[in-house]
Amino acid sequence: MPSPYRAIFATPGTKGFTAAGLIGRMPLSMVGIGVLTMITELGGSYALAGGITATIALSAAAVGPQVSRLVDQHGQRRVLRPATLVAAASVTGLLVAAARGWPSWTLFVFAVVAGCVPSVGSMVRARWTALLRDTPQLHTAYSFESIVDELCFIVGPPLAATLSAGWFPEAGPVVAVVFLVTGVWWLTALTATEPKPHPRHEHSDLSSALRSPGLQVLVATFVATGAIFGSVDVATLAFAEEHGSKSLGGVFLAVWAFGSCLAGIVFGLLHFKGKAEPRWIVGISAMAVSMIPLLLAGNLPFLAVALFVSGLAIAPTMITTMALIEAHVPHAKLTEGMTWISTGLAVGIALGSSVTGWVVDAAGARTGYVVSLSAGVAAAAVAFAGYRRLTRPAQGEEPATDGDGDSTERQHGDRVA
């Protein structure tokens with residue numbers, strides 16, 4: 001491991017919560033693909049499968065920030081364990097309903113309840129922030145977490161797809177639930193690094209972190225970004241099936257994540273000067289442009305190369321986004337702020353996967369990438385439209401850092417309200 005990454009683990013307890021976070025985050029990449037594969041293996045359509053995964057994502061978008069808000073107020077252990085049990089029970093109910101051929105509406109009921117699954121990545125990033133705030137190492141820590149995210153997406157999709165397609169249809173989601181419960185229980189047992197909660201009586205501002213204009217821009221942009229992710233997932237699985245190798249769909253999504261992982265490793269070794277906002281705009285634009293080659297893919301090898309190149313823009317953009325969140329969200333609402341980004345992604349994934357499922361059924365897999373390109377263009381448009389709001393922190397926010405150790409006031413100068 002390069003020395004900047006090794007340095008962040010000199011702090012006691014970091015290795016433990018990182019390992020727990022890796023396990024607890026695996027369902028993020030496994031549930032969607034696992035449910036898609038399960039439903040289609042059981043004879044359902046891509047439209048039905050996309051609708052169910054979209055419902056899970058939309059439910060997570062609605063419930064996730066509220067769970068994280070409770071975490072900010074009461075602590076991770078007290079909130080995450082009961083939330084995880086509810087999510088695990090609901091996914092189990094979904095699997096039973098699908099296996100026994102219950103009416104489709106029962107699948108959607110269980111999918112709604114499954115949305116209370118906690119944002120484990122936000123919990124781990126909050127621990128890093130509490131330990132490394134105002135230090136240059138925080139940029140490296142955020143970079144490492146993006147690498148972990150991509151590792152999950154390298155391993156998770158092919159694992160879920162292979163289990164469900166090659167063992168039994170429900171196998172992928174079952175293993176995802178086991179990972180979730182194990183990871184959350186381990187993470188919440190590590191109380192030494194748990195961020196200090198901020199009960200309501202300690203601060204008068206009870207409003208949501210989403211009141212920050214900068215966070216609003218980030219979340220709106222990531223709704224469109226999530227639509228990229230959701231549409232690419234569905235279109236890639238369908239493309240692989242059309243070319244006679246459905247199980248390779250998960251492998252191709254892993255290639256996409258591998259490109260992002262490599263880019264994240266390199267990005268974490270760099271230390272940038274100046275404002276983070278221009279780098280963020282470049283990243284969003286690069287993601288949009290990288291969708292074009294997917295439309296040109298006529299065979300599986302070409303698609304693999306196109307996905308790898310497309311992945312190169314993902315991790316650097318996510319890393320920069322996390323730095324901007326810390327610059328726009330008060331410390332007492334940091335976990336909620338990070339979860340709102342996950343919420344934006346979840347809404348986008350829901351829209352992207354649902355729309356792409358209908359497009360694939362109607363016009364074929366490659367046409368599904370039209371949705372991906374459209375979502376990329378929308379993300380870039382929202383980012384440019386909201387750029388001025390993003391460069392101005394919300395009034396009343398606490399001074400924070402930009403993730404490289406520079407204070408927000410120094411970074412934004414006379415733009416601070």
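This text walks you through some aromatic ring pairs in the structure above. The model is predicted, so local features need pLDDT of at least 70 and side-chain atom pairs count only at pLDDT 80 or more, while totals for chains, interfaces and linings use all residues. Residues are numbered from 1 along each chain as its sequence is written, and side-chain values use heavy atoms, leaving out hydrogens and water.

Let's begin with the rings. Rings of Phe, Tyr and Trp (its six-membered ring) count as a pair if their centres lie within 6.5 Å; planes under 30 degrees apart are called stacked, over 60 edge-to-face, and the rest tilted. There are 7 aromatic pairs in the structure. In one of them, the ring centres of F9 and W128 are 5.6 Å apart and the planes meet at 75°, so this pair is edge-to-face. Because F9 sits in the loop between α1 (3-8) and α2 (14-41) and W128 in helix α6 (residues 120-132), the pair ties together parts that are 119 residues apart in sequence. Helices here are DSSP runs of H or I with at least four residues, numbered from the N terminus.

Are these two residues buried or exposed? Buried means under 20% relative accessible area, exposed over 50%, and partly exposed in between (1.4 Å probe, protein chains only). F9 has 14% relative accessibility and counts as buried; W128 is buried too, at 0%.

Now look at F229 and W256: their ring centres are 5.7 Å apart with planes at 75°, so the pair is edge-to-face. F229 belongs to helix α9 (residues 213-242) and W256 to helix α10 (residues 248-269), so parts 27 residues apart in sequence are tied together. F229 is buried at 15%, and W256 is buried at 7%.

Finally, return to F9 and W128: together with Y5, F17 and F144, they form one aromatic cluster.

How values were computed:
Helix = DSSP H or I, 4+ residues; strand = E, 2+ residues; numbered from the N terminus.
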